[in-house]
Structure formats: C-alpha cells, structure tokens
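Thanks for making time for this.

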Amino acid sequence: MDTATGGEGGQARQPGSQTALRTLNVQRVIGTLTTAGACTQAELARHTGLSRATVSSIVRSMLDRGIVTTSPTTSSGRRALLVRLEDRGIVPVGVDLGRTHVRVCLATLGYEMIAERSIALRSERRPREGIDAAVGLLADLLAETSVPRSAVVGVGVGIPGPIDNRSGLVLEGPLWPEWEDLDPQQALEEALGVPVFLDNDANLGALAEVTWGPHSSADNLVFLKLGSGIGCGLIVGGQPYHGHLGIAGEIGHSPISDTGPLCRCGNRGCLEMAASTSTMIDLLDRGRGPRMTTDDIVRQALAGDTATLRVIEDAGVATGRALASVVNLINPEIVVVGGPLAVLDQILLAPIQRGLLRYAVAIAGQTTRVAVSSLGDRAEVLGAAALVLRHPVLG
Ligand SMILES: [Zn+2]
C-alpha cells in the first residue's frame, strides 16, 4: 500500500496493476455479499465471474481480517461454506475538513452510515484546528458506537484545495496559503495510527455520488460544489479524474469576464468572483448587524426576497456558463450540484440550466441532466469514506 503520498490522483499513487486488480476483485466480492447477502464460495464465483481459486483466496484473507464470517452449509447435496459480511469488522472513516467546519463519519463496507458528527470551527484558515477536531470527533464516535479502534481500516480526508500529486501536499500558491507547511496526511496518520488518504472535497463529492448516491450508473458525472469556494469533481469513463497534477476541476477560477473583479488567484473575472456564497454575501449584506451567513441567503431566497433571488439568478447563469465548457469537453450524463445552496433546488438549478443551455453546444446542453445532490452537506464526508475502499486496505 502506498501511504507515502496522499490522494489517488497521480502516477506516484497508482498501486501496481496486480494490487489494483486484487483490490477490484475484493470490491466485487464485497459488492456481491452486500447486495445478495450470505453466499457460498461457488455462488460468489458465479456472481463475480472470478475463478473459485481467486474467490477462495480472497475469502481466506477477509476471514483473517474479520471482514467476513463463514459457517458450514450444504449446496446441491455437497458440503459448502456460507460466507457472510461482518459489517462492523472493518470500518472506513470519512473526514471532511472544511474551512469553517469538520465532519466525521463511520461507514460500513456496504455504504451505510454507522454514525456521523460535525462541528463548526471558531475561525477560517486554521487547518491545524480542524485536524485536531477530527481526531477528537473520531474518538467520540468510536466510543459511542462501541466500534473498536482496530476496526478502522483507514481514514479518507477531504480538504478544500487540490492535492499536488507530486508531493501529496496541498498545491502551493496564493489560493490556499493556510495549508502551506502542513502535511495533513502525516499529521492524521501520526494521530490515528491508520492509513490516511487525501483528496479534494469536490472530487470526493463526485465519488460519493457514484458510490453512495443515486448515480452509480453514471460513467461521466460532474459534481459542482458551490460554496465560499467553487470547485468541481469529475468522474470520467467511470473513474475519478484528477488530471496531470491534481488540479482538474478548478472551475471556480474559470474566467467568465475579462473585466470582472480581481480574484484571489491573481486573475480577473473568475467564476468564484461572480457566484461564490462569499460574493453573494458581499452583495447582499447591508452591514446593519452581524455579517450575513449562507443560511440567511437560503432563508431570504425561500421568502422570495427580490434582491436575493436576483443575486442567485446572476450567480446561477454565470455558473451555467462556466459549466458549458466542462459539458462541451467531457459530455457528462449529469451535473450534480452540491454545497449549502443545494437546498434551494429549482431556485438555484433553473438559472444554472439557463446558463448551460445558452453557452453549451446545443445537443450537449439539452441532454445533460442538472440535479441537486440528494446527499446534502454529507456528500464530501461520504466520498471520503468511499476513498478508503478504493485502496488495497481490505486484503
Ligand atoms: Zn480566480
């Protein structure tokens, strides 16, 4: 297992082909046990298309790890072993390290939630505080659910910036200065004593949609995270797509205007300057009391406040315009919109769809579904737990 670097994006992180094949086969066996329930080894071989020898080897190693239990049975008059998934024997953990919150969840191998908790952080730009909070939350959840620490097979972590797949660290530059000189993977592995895997939070949102979400059949999916930052995660050809260095999906810094305001990235007219929740708050906050929050935007929009609806309309059309380039490039089946404004549903989706239709190649825009995420603000943490299972942690 390669735990020396973060994420799963670059070549340095790709497990060897034999290991990757084994991981895939283990996932097939687990998938079958999840959907079909207890099976004999012969049934597992039939369902998965794997040889009996491969199934037998996988079952043996999973038995050693406490992932499955076996019991004697008979099948067609012959003695056989019934294999059953031991759901709490192996627990992948997801951590979403946001700018202003931390969320932790314990999951089962069958993509069910055992427990989750989130807390707000006292201030932005303090990733170290978030890491310490995640360690504390995990300890609390394990104690409350009586899941032994030894069952934690790995921790997936989502962070609000792209991971440089050459270093495993958050990409250096003006966008994420708070993460400089910090190695969240190393810090968490030291604190937790289990393998830790990192990825960008929007990438994990996309992964959650095709593992936990209702879009498991989508081969090409865009997950758009619209919040104080804007990013998108891509599933292309059924696999997460990270690009050369791990920066793929930074749609928030796609230019939509030559004369727009200067962005924190150093360019002008980026989507984030037109459509992030921070920009919306800057436009709507009247400075009469405490600074507006994202919840206030949602509340005012649902109450029909004209200015709020106009700001969302403009942001949605701008987002659709930036999405048009993505849709033209990868032609996804679906764009899933996540983030704190997703609860607005059609109020947010309609202008995004209008922008997309106006700027995309007609047939691409017309045939791309746009939907809000049914996973709500949990998408990133669920994707983080799913990230663990993409690595060879199950034997
Ligand atoms: Zn920018």
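Let me begin with helix H9, residues 294-302, and helix H10, residues 306-330, whose axes come within 8 Å and cross at roughly 110°. An angle from 65 to 115 degrees counts as roughly perpendicular, and H9 and H10 are therefore roughly perpendicular to each other. The crossing of these two helices, H9 and H10, is left-handed. If you look for the residues that meet there, you will find Ile297, Gln300 and Ala301 on the H9 side, and Thr308, Leu309 and Ile312 on the H10 side. Sorted by class, this contact of H9 with H10 has 4 nonpolar and 2 polar residues, and no charged ones. Please keep in mind, here and throughout, that we are looking at a predicted model.

The next pair is helix H6, residues 201-211, with helix H13, residues 379-388, and here the axes come within 7 Å and cross at roughly 75°. H6 and H13 are therefore also roughly perpendicular to each other. From H6, the residues that take part are Asp201, Leu204, Gly205, Leu207, Ala208, Glu209 and Thr211, and they meet Ala379, Glu380, Leu382, Gly383, Ala384, Ala386 and Leu387 of H13.

Now to helix H4, residues 127-145, and helix H5, residues 184-192: how do their axes cross? They come within 11 Å, and the crossing angle is roughly 30°, which means that H4 is roughly parallel to H5. The crossing of H4 with H5 is right-handed. On H4 the contact is made by Pro127, Ile131, Val135 and Leu138, while on H5 it is made by Pro184, Ala187, Leu188, Ala191 and Leu192. In this contact of H4 with H5 there are 9 nonpolar residues, with no polar and no charged ones.

Let me now step back to the whole chain, whose secondary structure comes to 13 helices and 15 strands. The chain is divided into domain 1 (11-85), domain 2 (91-207 + 380-388) and domain 3 (217-374), so please note, as you follow the numbering, that domain 2 is written as two segments. The centres of domain 1 and domain 3, taken over C-alpha atoms, are separated by 42 Å.

As for overall dimensions, the C-alpha atoms fill a box of roughly 75 × 45 × 40 Å along the principal axes. For 395 residues, a compact globule would have a radius of gyration near 21 Å, and the 22 Å of this protein chain agrees with that.

How values were computed: Residues are numbered from 1 along each chain as its sequence is written. This is a predicted model: local features need pLDDT of at least 70, side-chain atom pairs count only at pLDDT 80 or more; totals for chains, interfaces and linings use all residues. Axes are lines fitted to C-alpha atoms, for helices over the stretch in contact, and angles run from 0 to 180 degrees between N-to-C directions. Helices (H or I, at least four residues) and strands (E, at least two) are DSSP runs, numbered from the N terminus. Angles under 35 degrees count as roughly parallel, over 145 as roughly antiparallel, 65 to 115 as roughly perpendicular and the rest as oblique. A crossing is left-handed if the near helix is turned anticlockwise from the far one by less than a right angle, and right-handed if clockwise. Two residues are in contact if their C-beta atoms, placed from the backbone, lie within 7 Å. Ala, Val, Leu, Ile, Met, Phe, Trp, Tyr, Cys and Pro count as nonpolar, Asp, Glu, Lys and Arg as charged, and the others, Gly among them, as polar. Domain bounds come from an automatic or database domain assignment. The radius of gyration is taken over C-alpha atoms; the globule rule is 2.2 Å times the number of residues to the power 0.38.
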